[in-house]
Amino acid sequence: MIKAVIKWSQPIEIFKPKKYNTNDKFIEHFRKVIDQNDSPLLEKEGFYCLISGSLKPHERLSVVLIEESFGKSIKQKIEKKKGHMRELRCVYKNYGDENLYLKVGIIESLNVENSEDIYKKIACKLISENDPSCNEPCDIDISDVQVINEGDYKPLKR
């Protein structure tokens, strides 16, 4: 059994995607915003999720996208993604008029050795449990994975 405890950050506000008139400009600006953000969490490997909605007056957020970043920082993973990511085109198309936030999840404890396969399994478990609308379903067996989310994990399930 793989058991991972992930600590999630406060949301980092991005912007409303439809501020840009094409998904190419949105993707370019998204990468630029991440590049210019000086959060030390973005310099670590881990997981990130895009969420949409509002924080005030009441938190109403939904999970849009979850990805892992093994072997490179989250910032590097986002900046180096090739081409026009299907996932970000989905964000632009379906969440263009909503506020977007980025949450970063760092592994606090893991009962097995880190590897890319383990990170992929954990990401698939997060996707399976939270059903983000811009992720493809995973076809990896995750029956042996348990994820406990801590910190500011909402709207992710604990």
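First, a term: buried means under 20% relative accessible area, exposed means over 50%, and partly exposed lies in between, using a 1.4 Å probe and protein chains only. By that rule, cysteine 49 is buried, with a relative accessible area of 0%.

Some ground rules. This is a predicted model, where local features need pLDDT of at least 70, side-chain atom pairs count only at pLDDT 80 or more, and totals for chains, interfaces and linings use all residues. Residues are numbered from 1 along each chain as its sequence is written, and side-chain values use heavy atoms, with hydrogens and water left out.

Now the overall build. The chain has four helices and six strands. Those are DSSP runs, numbered from the N terminus: helices are H or I with at least four residues, strands are E with at least two. The order from the N terminus is β-β-α-β-β-α-α-β-α-β. Of the 158 residues, 50% count as buried.

On to the disulfides. We call a pair of cysteine sulfur atoms within 2.5 Å a disulfide. How many disulfides does that rule give? The count is two.

Take the pair of cysteine 90 and cysteine 134. Their sulfurs sit 2.0 Å apart. This pair links distant parts of the chain, 44 residues apart: cysteine 90 is in helix α3, residues 86-95, and cysteine 134 is in the loop between α4 (116-130) and β6 (145-151). The torsion about the S-S bond is about -75°, so this disulfide is left-handed. Are these two cysteines buried or exposed? Cysteine 90 is buried at 12% relative accessible area. Cysteine 134 is buried too, at 0%.

Next, cysteine 124 and cysteine 138. Here the S to S distance is 2.2 Å. Cysteine 124 is in helix α4 and cysteine 138 is in the loop between α4 and β6, 14 residues apart. This link is also left-handed, with -85° about the S-S bond. Cysteine 124 is buried, at 5% relative accessible area. Cysteine 138 counts as partly exposed, at 33%.

What is the pairing when the bonded cysteines are numbered in sequence order? The pairing is 1-3, 2-4.

Back to cysteine 49. That residue is in no disulfide. The nearest cysteine sulfur belongs to cysteine 134, 12 Å away.
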